[in-house]
Amino acid sequence: AAPAGCTGPASNTWLRVVVDGVRNANGQIAITLYADNPRKFLVKNGSLYVGRTPAVAGTTNSCIFVPRPGVYVLAIYHDEDGDTKFGRTGIGLPAFQSVRLNVTQTGLTSRIHLTYP
């Protein structure tokens, strides 16, 4: 079964997301799930879903449902002031290829190290 607090529309496929390098416990860690399409990545309304989990300094453990097994792209940011807006400075945005995940089955773990602009 999916861990308690798993975000996203419930499905039979979920992914544990372990985010390290979290500098403080302010606000939330936002986990944005994208389909495997570079034209949709980091564009307004391009994502499938944004999950949020309270930030935990050091390492934040989260979980997000994905619609079904397949290739997805994750973008993570620390919304420290809780305004749900991503300060897009252009620094520290991930390259599409580097954040593609092949979710072959449920319950896999993705480790992501947060970098701050």
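The paragraphs below lead from the whole fold of this protein down to a few of its residues. The model is a predicted one, and its secondary structure consists of seven strands and zero helices, so that reading from the N terminus the elements run β-β-β-β-β-β-β. The radius of gyration is 13 Å, close to the 13 Å that the globule rule gives for 117 residues, and the protein is therefore as compact as a globular protein of that length. Taken along the principal axes, the box filled by the C-alpha atoms is roughly 30 × 30 × 20 Å.

Contacts show how the chain is folded on itself: among those between residues at least 6 apart in sequence, 81% join residues at least 24 apart. Of the 117 residues, 35% count as buried, while the protein exposes about 6500 Å², of which carbon and sulfur atoms supply 51%. As for charge, there are 11 positive and 6 negative side chains, and the centres of these two sets lie 10 Å apart.

Another residue to look at is Thr53, which lies in strand β3, spanning residues 49-54. Its relative accessibility is 12%, and because buried means under 20%, Thr53 counts as buried. Leaving aside residues up to four places away in sequence, Thr53 touches Gln28, Ile29, Thr60, Asn61 and Ser62.

Definitions and conventions. Residues are numbered from 1 along each chain as its sequence is written. This is a predicted model: local features need pLDDT of at least 70, side-chain atom pairs count only at pLDDT 80 or more; totals for chains, interfaces and linings use all residues. Side-chain values use heavy atoms; hydrogens and water are left out. Helices (H or I, at least four residues) and strands (E, at least two) are DSSP runs, numbered from the N terminus. Buried means under 20% relative accessible area, exposed over 50%, partly exposed in between (1.4 Å probe, protein chains only). Contact means heavy atoms within 4.5 Å. The radius of gyration is taken over C-alpha atoms; the globule rule is 2.2 Å times the number of residues to the power 0.38. Accessible areas come from the Shrake-Rupley method with a 1.4 Å probe; for residues, only the protein chains shown count as cover. Lys and Arg count as positive and Asp and Glu as negative; His and the chain ends are not counted. The place of a charge is taken as NZ of Lys, CZ of Arg, CG of Asp or CD of Glu.
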